[in-house]
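Trainee: May I go through some strands and a helix of this structure with you?
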Amino acid sequence: MFKKWVRRVSFSATRGFSVETSSPTYENAADTLPSKGGGASLDASAKSSIVDRQDDYQNALTAVSESLNAGSPTSATGSAAAPRLSIDKTFQKYGEDDAIDYDALYEEEEDSTISMEAHGSMISHLISQVKIGMDLTKVVLPTFILERRSLLEMYADYFAHPDLFLRIAEMETPRERIVETCRWYLSAYHAGRKSAVAKKPYNPILGEVFQCYWDLPDETPDENVVNDGPVPWCHRNQLTFLAEQVSHHPPISAFYAEHVNKKITFSAHVWTKSKFLGLSIGVHNIGEGIVTLVEHSEEYIVTFPNGYGRSILTVPWIELGGTVEIRCPQTGYHATIEFLTKPFYGGKRNKVTAEIYAPNEKKPFVSIAGEWSGLMEAKWHDKNKTEVFVDVNRIPIFKKQVRPIVEQEEYESRRVWKEVTAGLKFNDIEKATNAKCAVEQIQRDQAKNRKENETQWEHKYFRPVGENWIYTKPLSQRVYQQGKESKR
């Protein structure tokens, strides 16, 4: 069965691919964003070759067409709104299996034994279709290399050490705050890799949402619920996180985190451009994030490194590369961080260096060096001493809390992708591929309906401001409004 599937997918490689591993909606989210061409979708013969004579897939597509009368986005022209398709109805056959604990599937560790050599014929055929420097939005990666979670959920791992993030707001001076911002930032990348083997998370569909929160054991209990926050059932002493896929072409993810009692937030938007580099794949991350300290009226603006998938023909692995900046416009403190790629011969993986500068100073007051996946040391030039800056293997990872799938809304990540996740977990690649194709088919049909009805997608939590995406109800705005009301 698996060999038959391999032959079908290998054949489909000749028909045109999309690296995003999801199909295009043929639209940008806002006119203010730069227009980027999307990859061509699979033609009819390629689609039929992937799901040749699969009754489950045909049933899924039938369910899609029957669900056209569910929901509706807002019309931009005042005409009748186009119907929104139902994801749940697509999986009526798969989704009723009570024997599967879908929540547990997301919590279990990923298999780290995958080798591309086991699927050599398919990978070699795929590689033969691309050229060096080619934009990989035209290439669809095979299902078996997918990681069992959405990209939106992966972004939550920036807060695997929430205690380090919250400590930024506790520091008394701007110098201490820039140092703690760098400490949190440098510790934020290692937890995003669930195994030593590189796998690609699911490409979020337009409108997909992920919500979670963290409990910290030393936090003072606070039973006050933040009804107007990003996760409205959480409390003031919990760090909450919300992400939304706000555009499909280009693929833009926006996310926001806050802790009400500490009065600290992080807001970011990221979109990626992928290129084929021969024996590796390069992913250029475009966008920025902002740490906001409400009580100090300070913002720390950060950028993101590029990612590289190496050894794609054998055992793939991920490394980071490029220069990023952290700067505070209000105080003038800033930092430069360099993620170093491994030399072709010798050298170590995951090397990183950083330098932190005081306002109007050309020499750093501290230099940091080490590995972002392990130990990093700081050399204080004004104190003439060296000490451990952070060792990510010796500090606890705090587990994010996600409400059960049965309680989630229709477009929440784990609910959207649960059947793909189940197929990957139980090595039923056919089921995973069929479920993934059904999700993508809904995305295509939604885009078609919006185009026919002249409607626009209505974003739920974020809004475009120039080339940025801003959370609609940030903590700073809510605190300001509360202050105005208290003075009345």
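Mentor: Our discussion of this predicted model turns to one strand and its partners, and then to one helix.

Trainee: Is strand 8 mostly covered or mostly open?
Mentor: Strand 8, residues 298-302, is mostly covered, with four of its five residues buried.

Trainee: In which sense do strand 7 and strand 8 pair, and over how many bridges?
Mentor: Strand 7, residues 281-293, pairs with strand 8 in the antiparallel sense, over five bridges. I290 has I301 of strand 8 as its bridge partner.

Trainee: How many residues lie between strand 7 and strand 8 in the hairpin?
Mentor: Four residues lie between the two strands of that hairpin. In the turn, S297 has a positive phi of about 55°.

Trainee: And how many bridges join strand 8 to strand 10?
Mentor: Two bridges join them, and strand 8 and strand 10, residues 317-327, run antiparallel. Here the bridge partner of I301 is R327 in strand 10. I301 is therefore a bridge partner of both I290 and R327, under the DSSP assignment of bridges.

Trainee: Changing topic, how many residues of helix 10 are buried?
Mentor: Seven of the eight residues in helix 10, residues 418-425, are buried. They are K418, E419, V420, T421, A422, G423 and L424.

Trainee: What covers the buried residues of helix 10?
Mentor: The covering elements include helix 4 (102-107), helix 9 (413-416) and helix 11 (429-453). Strand 1 (146-150) and strand 2 (200-202) are also among them.

Trainee: Which residue takes a positive phi just after helix 10?
Mentor: That residue is N427, with a phi of about 55°.

Key: Residues numbered from 1 in each chain as written. Predicted model: local features only at pLDDT ≥ 70, side-chain atom pairs only at ≥ 80, totals over all residues. Heavy atoms only, no water. Buried < 20%, exposed > 50% of the residue type's maximum accessible area, 1.4 Å probe, protein only. Contact = heavy atoms within 4.5 Å.
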